[in-house]
Amino acid sequence: MGVFNSISNQRVASTVLSLLGADKTEQMSQPIEEVTSFSKRDRVLMYNPDAIASWIYEKYRDYFKPLFENNPIELKMYSSLPPVTPVCFASMYSGLAPSVHGIQSYVKPILKCQTIFDLLPQKGKKVAIVSTEGDSISTIFLNRNIDYFIYKTKGECNKKALELMAIDKHDLIVLYNGDYDKAMHYFSPEGKPSLKALKENIATYSSLCDKAKEVWTDKKYAIAFAPDHGCHRWFKFLGNHGDDIVQDMNIMHFWTLN
């Protein structure tokens with residue numbers, strides 16, 4: 001059956017808040033010490049590629065070599081249950097269990113609870129979400145005092161994130177890419193289109209790190225590669241997720257801190 005990882009994705013919210021000098025709520029999970037042991041950061045960029053599982057990382061570790069050129073901290077994380085996108089991102093950015101934040105299945109209501117997208121603006125921090133239209137991150141966190149950049153394609157999103165880094169008016173940028181998840185569902189987690197998307201996601205992370213070195217020269221920053229959940233092969237030629245199994249629950253997060 002395998003062993004479940006040890007760090008909950010619910011701890012991401014308080015970690016981001018701590019890095020940017022904001023307080024978490026009493027309900028939120030504790031921050032991740034391996035990250036917050038570093039000093040405060042001027043900028044944080046959360047890159048959220050969808051559905052990249054720990055077992056994919058272990059099996060295709062060579063694909064991740066470009067990521068490790070940026071000397072990241074490697075964290076063995078586990079998803080919220082059920083491991084589906086709106087549940088997991090709601091937990092990741094609220095710091096709360098699904099039974100508390102209220103999304104417990106594949107639905108996309110606007111969250112009513114406190115999230116980092118509420119707490120950071122209250123602290124005077126500027127926040128941007130960059131996501132494809134209709135996806136979870138572009139819907140469940142609406143109606144906050146933040147900037148939304150919602151586009152039809154992944155390419156437009158990635159281009160905008162790089163532009164925002166250069167403009168440098170936001171303390172936190174959250175960038176979502178859903179292409180691996182989409183490919184995985186139709187071609188299996190290891191199908192050629194899926195592995196192509198995986199490589200592109202890793203390349204995107206590298207491009208974000210390169211851009212930070214170029215434009216944030218006078219800033220301390222943190223950039224995270226933070227998928228929401230894993231995946232498993234389904235009916236041989238398809239892929240799926242949503243079960244309480246290590247393939248779906250175990251994920252890897254990587255943090256590069258300058």
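**Figure 1. Strand β3 and its partners β10 and β1 in the predicted model****.** Towards β1, the pairing of β3 is parallel and consists of two bridges. There, Ile7 has Met77 as its bridge partner in β3. Strand β3 spans residues 73-78 and has two faces: Ile73, Leu75 and Met77 form the covered one, whereas Glu74, Lys76 and Tyr78 form the uncovered one. In a regular strand, side chains alternate between the two faces of the sheet.

**Figure 2. The eight-stranded sheet and the pairing of β4 with β6****.** The sheet is open, and its strands follow the order β1-β3-β10-β7-β2-β6-β4-β5 with mixed pairing. Its edges are formed by β1 (7-8) and β5 (147-151), each of which pairs on one side only. Four bridges connect β4 (residues 127-132) with β6 (residues 172-177), and the sense of this pairing is parallel. Within the pair, Val127 stands opposite Leu172 of β6. Helix α5 (residues 85-94) lies across β2 (43-49), β6 and β10 (250-257), and the angle between α5 and β2 is about 165°.

**Figure 3. The contact between helices α9 and α11****.** The axes of α9 (residues 154-167) and α11 come within 9 Å of each other and cross at roughly 15°. Angles under 35 degrees count as roughly parallel, and α9 and α11 are therefore roughly parallel to each other. Their crossing is right-handed. On the α9 side, the contact is made by Lys154, Asn158, Ala161, Leu162, Met165 and Ala166. On the α11 side, Glu200, Thr204, Ser207, Leu208, Lys211, Ala212 and Val215 take part. By class, the contact comprises seven nonpolar, three polar and three charged residues. An α-helix has 3.6 residues a turn, so residues three or four places apart point the same way.

**Figure 4. The surroundings of Leu208****.** Leu208 belongs to helix α11, which covers residues 192-215. Its relative accessibility is 1%, and Leu208 therefore counts as buried, the limit being under 20%. Leaving aside residues up to four places away in sequence, Leu208 touches Leu45, Tyr47, Ala161, Leu162, Met165, Leu175 and Ile223. Among these, Ala161, Leu162 and Met165 belong to the α9 side of the helix contact. Between the C-alpha atoms of Leu208 and Gln30, which are 178 residues apart along the chain, the separation is 27 Å.

**Figure 5. Helix α10 and the residue that follows it****.** In α10 (residues 179-187), the buried residues are Asp179, Tyr180, Asp181, Ala183 and Met184. These buried residues pack against α3 (54-59), α9, β6, α11 and β9 (238-240). Ser188 follows the helix and has a positive phi, near 80°.

**Figure 6. Asp135 in the loop between β4 and α8****.** Asp135 is found in the loop that lies between β4 and α8 (136-139). With a relative accessibility of 12%, Asp135 counts as buried. Not counting residues up to four places away in sequence, Asp135 touches Lys108, Tyr176 and Lys182.

**Figure 7. Backbone geometry at Asn71, Asp168 and the Leu81-Pro82 bond****.** Most residues other than glycine have a negative phi, and most peptide bonds are trans. Asn71 has a positive phi, near 50°, and lies in the loop between α4 (65-68) and β3. At 66% relative accessibility, Asn71 counts as exposed. For Asp168, phi is also positive, near 60°. Asp168 is placed in the loop between α9 and β6 and, at 18% relative accessibility, counts as buried. The peptide bond joining Leu81 and Pro82 is cis, with omega about 0°. Pro82 lies in the loop between β3 and α5.

Conventions: Residues are numbered from 1 along each chain as its sequence is written. This is a predicted model: local features need pLDDT of at least 70, side-chain atom pairs count only at pLDDT 80 or more; totals for chains, interfaces and linings use all residues. Side-chain values use heavy atoms; hydrogens and water are left out. Two strands pair if DSSP finds at least two bridges between them. Contact means heavy atoms within 4.5 Å. Axes are lines fitted to C-alpha atoms, for helices over the stretch in contact, and angles run from 0 to 180 degrees between N-to-C directions. Buried means under 20% relative accessible area, exposed over 50%, partly exposed in between (1.4 Å probe, protein chains only). Angles under 35 degrees count as roughly parallel, over 145 as roughly antiparallel, 65 to 115 as roughly perpendicular and the rest as oblique. A crossing is left-handed if the near helix is turned anticlockwise from the far one by less than a right angle, and right-handed if clockwise. Ala, Val, Leu, Ile, Met, Phe, Trp, Tyr, Cys and Pro count as nonpolar, Asp, Glu, Lys and Arg as charged, and the others, Gly among them, as polar.
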